[in-house]
Amino acid sequence: MKTYQQFINGKLTDSHSSEWIEVENPYTGETIARAPKGDDADAYAALEAAKKSQKAWAARTASDRAGYLTKMAAAIRAKRVELATLLAQEQAKIIGLAQVEIDFTADYFDYYAGWARKYEGEIINSDRYNENIFLFHKPIGVVVGICPWNFPFFVMARKVAPALLTGCTIVLKPSSNTPCTTFEFAKLVASLDLPAGVVNFVSGSGKTLGNTLVTSPLTDMVTLTGSVEAGQEIIAASAQNVTKVSLELGGKAPAIVFADADIDLAVKGVLDSRVIYSGQVCNCAERAYVQKSIYEKFLDKLTDAFKKVKYGDPFAPDTVYSSQIDKAQQTKIDEMVKRAVAAGAQVVTGGACTTDNGKGYFYEPTILTGARQDSEIVQKEVFGPVIPVLPFEDYDEAIALANDCEYGLTSSVFTTNINTVMQSLKDLNFGETYVNREHFEGMQGFHAGWRKSGIGGADGKHGLMEYLQSQVAYIQF
Ligand code: NAD
């Protein structure tokens, strides 16, 4: 069993606490590692290191800082198979997807390294002839990054890469379910010549160590990827020091299938978006709306496709998904489906907890019909391989049903009519819309939710700007 240490001020170091987080492989049930359940003293030590190093880090050129991101990408690639194997073990992610996550993360560091010579300030016209107005972009300072368990390695990079490139320093807390790959990355960072304190990793409970990180006066920005509930707690906690927050929260993405859609393509898009990583993805298609004239045909094909999904061992070559992250998550999904059925929905396929010959906390690929638009299963994030399918009459009804939700992260549209595509892009109120494809974002886009799905966002140029603040200089000559 692996035992991890905190990574503070450039050193792998014992926690001030003697408590531990046990990391379970959700598929085998084995305890594979333990990581520190850090306390306030760990949080303060990491924040002080980040604060102390930030000025000198920001004084380096962006291209110099980018050099470290390139080294991080290379270090990940050198360990790509070991990291993917560990990722598959710590969270029951199928090995193919785990490898994609590791490789994508290395590319992500390279991508942000490429921004070093590209982000710019502005020169603004003054009302005075003998004056120039300059707008500079400056690093925010010390960033606290708080991560979820579903894409632990990638989301870590999504915070570390733009923070470092812009001259910020960072203290990052992994989820207690999935600290392993983050601490393996810490070991890689420890072997680079990165100045001490620029990156710090501390594990511990969100409500204690996490809260201390958020409320500290040393913290200049908090970036959380997690649930709406954690986002709300962090907004409240950050009010104390009026600390900037960037929040990427949950989703309940609609997939709209119009009568003129390529039905097979729509079935594939909805299926791929719903069962990937056992449905535990924020941008997954979580509810499907299908035009009445093709409703039965679509439902039959989707049901066939769901019945064929093979789930099981994350290391088997033909499994599409594996166990849910833990027993609590499996129970939560099951209870939501049971409440949906009690409220009048019918199970077309699936609808039960299961195992792979006694292993794992699986939930069957599940389709529900007859759910009401205002019911919990249509309105709240399930985070499992479960989808309610609802019929609609016409365009206006489809858009109204899709927009009727407190989440606003992603959405999708399946149609062969370009006018329907363009009109729906005007009418859908979501941070992302996918047309005739599965839901999954690119690193050059901007992943940002509307409504309760978040504040601010990540990726691309706009994600970089989250870590910068402006200073305007009026220069009279
Ligand atoms: P979670 O909210 O339970 O935990 C996320 C992190 O926040 C953990 O590290 C946790 O310890 C920490 N935390 C919780 N309460 C805190 C507090 N009061 N102060 C400081 N830290 C606190 O989420 P999870 O179960 O790990 O992840 C699943 C959720 O994340 C889903 O809702 C999913 O949609 C969302 N998610 C969103 C995106 C996105 O890009 N929008 C991406 C991945 C996951």
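1. A salt bridge here is a side-chain nitrogen of Lys or Arg within 4 Å of a carboxyl oxygen of Asp or Glu. By this rule the count comes to 24 salt bridges. One joins the side chains of Asp103 and Arg80 (2.9 Å, N to O). Asp103 lies in helix H4 and Arg80 in helix H3, so this pair ties together parts that are 23 residues apart in sequence. Helices are DSSP runs (H or I, at least four residues), numbered from the N terminus.

2. On the basis of the model: it is predicted, local features need pLDDT of at least 70, side-chain atom pairs count only at pLDDT 80 or more, and totals for chains, interfaces and linings use all residues. Residues are numbered from 1 along each chain as its sequence is written, and side-chain values use heavy atoms, with hydrogens and water left out.

3. The domain assignment gives domain 1 (2-249 + 453-476) and domain 2 (253-442). Such bounds come from an automatic or database assignment. Taken over C-alpha atoms, the centres of the two domains are 31 Å apart.

4. Now the interface. In contact (heavy atoms within 4.5 Å) are 23 residues of domain 1 and 31 residues of domain 2. The two domains bury about 2200 Å² between them, 64% of it on carbon and sulfur atoms. Buried area is the accessible area (1.4 Å probe) that two parts lose on being put together, summed over both.

5. How many salt bridges cross the interface of domain 1 and domain 2? The rule finds one. Arg158 forms a salt bridge with Glu441, with the closest N and O atoms 2.8 Å apart.

6. Helix H3 (80-91) and helix H4 (95-113) each supply at least two residues of the side of domain 1 that touches domain 2. H3 gives the most to that side, with five residues.

7. The ligand has 27 residues around it; Cys147, Ser227, Glu233, Leu249 and Glu381 come nearest. Near means that a heavy atom of the residue lies within 4 Å.

8. A polar side-chain atom of Ser227 lies 2.5 Å from a ligand oxygen atom. A polar backbone atom of Leu249 is 2.8 Å from a nitrogen atom of the ligand. For Gly206, a backbone N or O atom lies 3.3 Å from a ligand nitrogen atom. The polar-contact limit for a pair of N or O atoms is within 3.5 Å.

Notes: A polar contact is a pair of N or O atoms within 3.5 Å; within protein, one must be able to donate a hydrogen and the other to accept it, and residues adjacent in sequence count only if both atoms are side-chain atoms.
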